[in-house]
Amino acid sequence: VPILNADATHLGGISEFMKVAALAQAHDLEIAPHGEQEVHVHLVAALANGLMLEFYPSAFNPLQETMYHGALRLNADGTVSPPETPGLGIDPNEAVLGPYRVA
């Protein structure tokens with residue numbers, strides 16, 4: 001089965017991502033989101049044609065485990081579960097991200 005690699009941030013947001021995913025499903029394409037794993041974990045879990053989540057460990061992004069309170073972690077079996085908190089379930093760590101803020 002062919003795979004479509006998509007990123008919600010480059011498609012115009014979650015609504016646009018879901019439209020692209022529906023169009024992909026109509027053409028028998030699976031979705032493998034690329035990019036912000038804390039957002040995409042929800043999207044790929046909600047799709048019938050969601051194939052996999054691209055997961056970046058801290059070895060690839062030194063801020064990955066500290067930029068959000070309650071960072072996404074691998075389960076013991078190598079899978080990832082979306083957080084159960086409301087919305088996207090992400091809480092930016094302002095203390096860590098503050099030095100990277102631009103005016």
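1. The largest cavity holds about 40 Å³ of space. A cavity here is a set of points, on a 1 Å grid over the protein atoms alone, where a 1.4 Å probe fits but cannot get out; the volume is the space filled by probe spheres set on the points, which are joined across faces, edges and corners. With a threshold of 30 Å³ or more, the count is one cavity.

2. The model is predicted: local features need pLDDT of at least 70, side-chain atom pairs count only at pLDDT 80 or more, and totals for chains, interfaces and linings use all residues. Residues are numbered from 1 along each chain as its sequence is written, and side-chain values use heavy atoms, with hydrogens and water left out.

3. The largest cavity is lined by Glu38, Gly70, Ala71, Leu72, Pro83, Gly89 and Ile90, lining residues being those with an atom within 4 Å of a point. Four of the lining residues are nonpolar, two polar and one charged. In this scheme Ala, Val, Leu, Ile, Met, Phe, Trp, Tyr, Cys and Pro are nonpolar, Asp, Glu, Lys and Arg are charged, and the others, Gly among them, are polar.

4. The protein has four helices and four strands, in the order β-α-α-β-α-β-β-α along the sequence. These are DSSP runs numbered from the N terminus (helices H or I, at least four residues; strands E, at least two). The C-alpha atoms fill a box of roughly 45 × 40 × 25 Å along the principal axes.

5. Helix 2 (residues 14-26) and helix 3 (residues 37-46) have axes that come within 11 Å and cross at roughly 35 degrees. Axes are lines fitted to C-alpha atoms over the stretch in contact, with angles from 0 to 180 degrees between N-to-C directions. Ile14, Phe17 and Met18 of helix 2 meet Val39, His40, Leu43 and Ala46 of helix 3, contact meaning heavy atoms within 4.5 Å. Six of these contact residues are nonpolar, one is polar and none is charged.

6. There are three salt bridges (a side-chain nitrogen of Lys or Arg within 4 Å of a carboxyl oxygen of Asp or Glu). One of them joins Glu16 to Lys19, with the closest N and O atoms 3.2 Å apart. Both residues lie in helix 2, three residues apart, about one turn of the helix.

Definitions and conventions. 1 Å grid on protein atoms, 1.4 Å probe; cavity = no way out; pocket = protein on both sides within 12 Å on 5 of 7 lines; lining within 4 Å.
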